[in-house]
Structures are given as C-alpha cells and as structure tokens.
Amino acid sequence: MKRSIWILLGILFAQSSLALEREKSNFNASWEYLEQAAPSTAEANQETGWVTLDLPHTWNATDVMDQTPGYRRDASWYRKTFDLGDLSEGERCFLYFEGANITTDVYVNGHFVTKHIGGYIGFEAEMTEYLVQGANTVMVRVDNGYDPQVIPSQKSDFFIYGGITRDVWLVKTNALRITDVSIATPEVSAKRATTGITVDLEGNLTEGYQTRIQVIDPRGRVVYDQKSATQRQTVTNFQITKPRLWDVANPQLYNVKIQLLQNGKVVDQVEDTYGYRWFEFAQNGPFYLNGKRLLLRGTHRHEESAGIGAALPNEMHRQDMEMIKGMGANFVRLAHYPQDPEIYKACDELGILVWDELPWCRGGVGDETWKTNTKNLLTEMIDQNYNHPSIILWSLGNEIYWLPDFENGDDEQELNAFLTELNDLSHALDPSRKTSIRKYYAGADIVDVFSPSIWSGWYSGTYKGYKNALEKSLAKYDHFLHMEYGGSSMVGRHSENPITGDGEISAGDWEEPINQVEYHNIANDGDWSENYIVDLFDWYLSISESHEQFAGSAQWAFKDFGTPLRPENDIPYLNEKGLADRSGKPKDAYYVFKSYWSDEPFVYIESHTWTERSGPEGKAKNISVFSNNETVELIVNGQSLGKKTRDMSQYPACGLNWDVQFQAGENTFEAIGYQGKKVVSVDSLIVNYSFEQAGAPDQIVLSAELLDNGNYLVTAKAVDAKGLRCLDYEDRAYFQCLAGGELIKDQGTPTGSEVINMANGRAAIEVVPHPKSEKLVMGVYNQNFKGTYLEIKK
C-alpha cells in the first residue's frame with residue numbers, strides 16, 4: 001500500500017521531550033489569495049490583488065448560483081509566509097492537502113515541489129530541502145479549468161469547485177518516518193478475528209530502530225502489544241477472540257498505535273482506528289452484515305452547501321452525516337467522488353455503510369493520459385480510505401458511457417476493457433471489498449455489484465410501477481442495489497390534487513430514456529410539489545421495506561445541490577431532488593424516510609410549509625401524519641378524530657391519515673404519538689383555509705418581517721383583484737434591493753435567491769439592511785407584473 005499517512009484518523013501523540021517526534025498542526029489560517037491565473041510564481045508575486053483568507057476556500061462559493069451563465073473555471077494562487085523556527089538536523093517537513101480542485105502545483109520559496117492531478121483526493125508536498133531559517137513562503141496554484149484528461153467529465157450534473165477546498169496540515173517528522181499503515185481483517189467471525197497490519201517506512205534505515213504495534217479494544221483494553229526489529233516494511237498478523245463487532249447499530253472501533261523507536265525513544269508515532277465486520281451480497285438476494293440480513297437504507301451526499309460551495313468546515317461535514325443518521329439511514333453513496341476525511345470518520349463512528357466512488361462520471365473512456373490519471377485516482381482513493389470499516393464498496397463510476405469527451409469514447413469494447421482493468425486494480429489493492437458501478441449496462445457483469453437506473457414516477461412511468469422494476473432487476477442482476485430514485489420538489493409548493501401513482505404521463509419502459517426531452521414524463525410535466533414527492537417516497541418505501549430479497553437502495557439526494565445543467569429550474573442552477581434544501585433545512589420528504597427508518601419517536605403533520613389552502617366548502621381533505629410511533633391521534637380544532645395504529649401495509653403514511661373537514665379561517669392541528677399508552681411525541685400546525693377560489697392574478701404585493709438576526713424577510717405574494725392569494729401561481733419573481741441594504745443571494749435556497757419561481761403564489765428573500773440607512777427600498781418584478789415596490793422605514 002502507498003497511502004499517505006497524513007489522512008489517517010485519530011490522535012497524534014505528542015511527547016515534547018523528544019525533539020524528533022512527529023508534529024502535526026493545522027495550516028488553514030491567514031493565507032493570501034489571488035484570483036488570477038498567472039503562469040508563474042514570479043508573475044503572481046507582481047500582482048497587487050492579493051486578499052487574506054482562511055482555508056478551506058473555493059472561488060466558486062457563490063458564482064455557481066448567480067444569474068450569469070457559467071462559473072469561473074480557471075487557475076488561482078494561494079500564498080502563505082510562515083516562520084518554521086529551528087529545523088533540527090534530520091527533521092523533515094511536509095504540507096498535507098486533504099483536497100484541492102482540480103490540478104495543483106506547490107512551490108516553496110520559489111522552487112517547484114510537487115504537482116497533483118485530480119481533485120477530491122489528499123496529497124503531500126515535502127518542503128524540507130527548500131526551507132530556510134526564518135521566513136518561508138509557500139505558493140499553491142490550483143486550476144479547475146476545462147480539462148478532459150481529468151475526471152469527472154465537464155458534462156457531469158454538478159459543479160467542479162475550484163480551490164483548496166479542504167484542510168491543510170503542516171507536518172514535521174523524523175528523517176525515517178512512517179508513511180503507510182494498512183489494517184486488514186481477512187477472517188472475521190463472532191468467535192475470532194484475524195488481523196494483518198502492514199507498516200511502511202521511508203528514509204534512511206539504520207540499526208537501533210524498533211517498531212511497536214499496540215491495539216486497544218473499544219473498552220480501552222490492550223489486546224495486542226508487540227515490538228519488532230524495524231524493516232522497510234513490517235507485516236504483523238495476529239488473532240483475537242470474541243471481537244467486538246462493528247455494526248451500524250453499534251459501531252465498535254479498535255484503536256491501533258504505531259510507534260517507531262530509536263534506542264528505545266519514540267521518534268515517530270501515528271494512530272488509526274479500524275473495525276471487525278464481515279458482509280455478503282447474496283446472489284439475487286439481500287445484503288448481510290455480520291451474518292444477519294441488513295436492508296441498506298441509504299441516500300447520497302454531495303460535498304457542498306449554501307454560500308460556501310465545497311469549502312465546508314469539519315463541523316458541517318459532521319452535521320450532514322448526523323442528519324443522515326438521524327433520519328435512520330445506515331448507508332450513503334458519496335456522489336460522485338471521494339469526500340473529506342471527516343466524512344469517513346463520521347461514518348465509522350456513527351455506523352453508516354459507504355459506497356465510495358471514483359469520479360468517473362460521464363465522458364466515456366479517454367486516451368492513455370486520461371487512463372493513467374484515472375488509475376492514479378482510483379489507487380489514491382483506495383489507499384487513503386482503506387482502513388475505514390464503514391466502506392463496503394469501491395464504485396468505479398457513474399453513467400460512464402454518456403456524453404463522451406473523446407472520439408469513440410462511448411465504444412463498448414474500449415469501455416469494457418478499461419473498466420475490467422479498473423476492476424482488477426481495485427481487487428488487487430483491496431481483495432476484501434466489492435466493486436460496483438451505476439448505469440453502465442454493458443459492464444454490469446464486470447463489477448461485483450450493479451445498479452441500473454430506475455426512476456419510476458419521475459423520468460418515466462408511475463411510482464406504482466416501482467415493484468415491477470425492482471423485481472426485474474433482482475432477477476436480472478446477480479448482486480443488485482438500487483442507487484438513485486426520487487424527484488424534484490420546490491419548498492413550499494403544494495397541490496390539492498397531485499399526480500397519483502396511477503396517473504401515468506408516459507407509458508415508456510421503466511428505465512428512463514437518455515434524451516428525456518423526447519418523452520413526456522413527470523420530471524418535465526409534473527408540478528414539482530412537495531406533496532407528489534412525499535407520495536412517491538411513501539410508495540417506494542412501502543415496497544422496499546417489505547421485500548425480503550431486496551439488498552437495499554439509496555435515494556437521490558440528501559440535500560439540494562448546485563449544477564450547471566439546470567438553469568431553468570425553480571431556483572436556477574439548483575438540482576432540487578434533496579430531502580433538505582441546500583442549507584440543510586428538511587423538506588417534508590425527510591420525515592417520510594424518518595417514519596420508516598428512525599427509532600427516535602416523532603410525529604410530523606404534512607405539511608408545515610402548506611399553511612395557506614383553499615377548496616370548496618364541505619369537501620373533506622385527507623391529512624397524513626408521518627410517524628414511527630405505534631399509534632397516533634389527530635386533533636383538529638380541539639376535536640379528536642381518533643387514534644390510528646401504524647400499519648406498513650396501508651398507504652399513505654402507513655395508515656396514519658384522516659379525512660378532515662376544514663373550517664373557514666384558522667384551523668389548528670395537533671398530532672400525538674403514543675407507545676402503548678405513553679405519549680412520546682407531539683406536533684402542531686395552524687392552517688388558514690378559504691372556501692373562496694382565487695381569480696386571475698392581479699398584482700404582486702410585498703411585505704416585510706424583521707428577523708431575530710436584524711435582517712428583513714421580504715415576501716412577495718401574487719393576489720387577485722380581491723386580495724386573495726393565487727395558490728396556483730408559479731411564475732418567476734426577480735427581487736432587487738433599490739436602496740438601503742443588500743440581498744442575501746446566490747445561496748440556492750428558498751430565501752437566498754434573487755431569482756426564484758413562486759411556490760403557491762409566494763416567494764421570499766432575506767435582506768441585510770445598511771446600518772446607517774433610514775429606509776430600505778425593495779422591488780420585485782416579472783414578465784406579468786412590471787414592478788412592485790416596498791419602502792421599509794427603520
């Protein structure tokens with residue numbers, strides 16, 4: 001294994017009395033940044049536009065979501081001057097980059113140090129021979145420009161963020177250092193487990209060195225502690241009895257310490273965690289973890305968020321994974337690239353199984369340079385993430401034959417030959433895990449686990465066709481997972497009559513066509529309401545949760561995310577298939593999954609974003625309550641409509657739905673969840689209801705609400721001549737601050753987008769007032785209404 005040790009997780013022990021022991025410190029603070037593509041350090045240093053910032057950073061934090069087509073695809077420079085202090089004789093110094101997109105050149109004191117090709121992967125740069133006493137300057141040129149030689153393809157349905165998007169570390173080591181530690185668990189059972197630990201060293205190996213390996217179990221007990229004469233590579237094998245198994249419900253982690261000793265003194269030390277577990281995909285059947293059937297309940301995660309793009313701090317990475325675990329998921333596909341080390345650490349600790357993916361997304365197969373770059377990235381991905389017990393699958397790509405970047409790049413013979421090469425490489429690097437791929441049918445038999453494309457009820461057919469599609473795939477593919485399903489939903493958009501599972505728009509095959517423009521489907525012709533997606537997910541889960549032979553699936557996607565391919569969506573350049581909006585606020589659909597998967601008691605009345613409704617008097621409306629409680633009671637306007645018992649065979653909401661007669665005006669709802677006779681959860685909601693149908697839109701009116709943070713939420717509503725809100729109005733609104741403040745825009749969120757389609761006749765934006773301005777003047781425009789204005793006096 002040739003894995004950089006800097007990505008290893010855990011604590012680096014510091015014994016300050018030993019001068020040559022490894023030191024690792026965060027190097028994120030106080031960089032200078034130049035947004036120019038100067039070709040050399042000398043020319044970059046002559047520029048005057050440098051600004052100071054902290055890492056992580058991307059120059060595409062907001063321009064991906066602005067209203068100018070395209071986003072910056074070019075090179076930028078980062079520069080930092082630091083005083084290293086005294087560098088002891090025999091000491092070495094490195095920078096470790098957890099990730100920079102997409103091609104990176106590192107210079108120290110004007111000297112070229114290293115080049116890394118490919119984003120989403122960590123790499124190191126040794127600075128030792130170029131350092132001087134006192135001040136030193138490191139300069140980094142990062143380029144996310146168009147380059148068909150580097151995956152992912154430019155035609156992928158997500159942004160390729162430029163910058164140093166993850167943490168950077170300064171590491172000082174002894175001249176002889178530990179570079180690689182790989183931990184294998186080739187044989188595991190409930191009775192015993194075999195462990196193989198391989199330690200690689202780099203540097204001048206002389207006499208007097210020893211390697212000490214110590215393993216501590218999850219209870220803090222030392223289960224293995226041995227010293228051996230140091231070699232260039234040390235391989236240690238041992239067995240333990242009754243291992244504490246890593247499981248999604250109880251992720252038990254062992255700790256391993258590796259010490260390099262010189263004459264009995266520690267001169268290098270690293271630490272990592274690992275786990276004991278075994279798994280199996282039964283042929284044409286389910287998935288097993290530690291000998292027990294486990295239904296893989298998953299979602300997908302893109303590495304980005306509102307306002308900061310891909311430059312997430314570690315706490316936000318952790319928050320995403322905790323929210324995914326919080327809805328009861330036990331599986332995640334990292335789409336469509338390896339992600340921050342904090343993600344794998346969180347999955348290990350929280351108990352989330354991982355499909356880790358090589359960023360071969362679309363673009364076909366390339367030339368020899370492209371192939372070399374792609375194999376290097378696969379090798380780095382596996383080597384760096386090898387020790388994580390959460391990872392079960394190395395995905396070799398997604399939709400790889402689509403939209404070739406090279407002539408004949410979609411040739412099946414060439415694609416299969418290279419996919420076979422990658423598959424063999426993956427198994428050589430890691431015999432213990434499976435390979436996988438999604439939506440490349442000609443290569444379904446090359447990899448271990450395959451996912452076809454099934455979007456019943458979105459890109460083709462109806463969601464009630466899902467069971468048929470699932471059954472076909474179970475029979476057709478030896479080891480089948482269903483990766484990607486769902487559809488788009490605009491926060492706050494609701495319909496009194498959403499398309500049903502029987503309301504088929506097209507009678508096409510259950511796999512969506514490549515050119516979706518040629519076919520009528522719900523993706524093109526549906527209402528994109530939260531209601532419809534709730535119904536779709538509810539139906540899918542009623543099938544998947546009760547199917548005894550199904551291995552599992554992953555919904556697409558956890559959060560809304562940015563994409564250059566969707567400028568005409570409700571929020572331009574936003575893929576709106578998330579269970580949460582781009583800032584992480586849950587949509588209704590999040591609670592559908594939580595009702596099937598989570599053990600944490602809760603109730604949720606559908607819907608907290610549907611508080612203005614209308615319909616004819618005397619016609620009952622069906623209200624669903626999503627809950628994992630044994631029984632739920634619904635109280636409307638102070639009157640109980642009775643308790644219902646949750647029954648997964650019933651649809652919708654597992655039978656937790658009631659026909660409600662609304663009254664004109666305010667209606668109060670309260671849902672109470674019971675476990676036996678004990679109240680374990682509650683939810684409440686107020687809905688304003690009108691028996692009068694709104695006429696044609698007559699105007700857009702503006703209002704403002706002062707928020708707790710001192711900003712204003714400015715809301716636009718489409719109303720008819722009588723002032724009734726037009727709940728079916730979905731046209732685009734364009735916000736503008738004319739004086740006295742600044743819009744919070746380019747966020748890709750329901751209140752952070754200056755251009756946005758209305759949801760049920762409403763749109764809103766947050767505005768930061770200027771502290772010295774006496775008034776704030778807002779405007780909203782669209783094609784139908786030439787302008788509405790609001791003056792807010794402070």
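Here is a short tour of some strands and one leucine in this structure.

This is a predicted model, where local features need pLDDT of at least 70, side-chain atom pairs count only at pLDDT 80 or more, and totals for chains, interfaces and linings use all residues. Residues are numbered from 1 along each chain as its sequence is written, and side-chain values use heavy atoms, with hydrogens and water left out.

Let's start with a sheet. Strands here are DSSP runs of E, at least two residues, numbered from the N terminus, and two of them pair if DSSP finds at least two bridges between them. Four strands make an open, antiparallel sheet, in the order β43-β41-β45-β46. At its edges sit β43 and β46, each pairing on one side only.

| Strand | Partner | Bridges |
|---|---|---|
| β41 (residues 732-739) | β45 (residues 775-781) | five bridges |
| β5 (residues 91-97) | β8 | four bridges |

Zooming in, Cys-737 has Met-778 in β45 as its bridge partner, while Tyr-96 stands opposite Glu-124 in β8.

Buried means under 20% relative accessible area, exposed over 50%, and partly exposed in between (1.4 Å probe, protein chains only).

Now for Leu-641, in strand β35 (residues 639-645). Leu-641 counts as partly exposed because its relative accessibility is 34%. Leaving out residues up to four places away in sequence, Leu-641 touches Leu-634, Val-636, Trp-658, Asp-659 and Val-660; contact means heavy atoms within 4.5 Å. Asp-659 is 18 residues from Leu-641 along the chain, with 8.8 Å between their C-alpha atoms.
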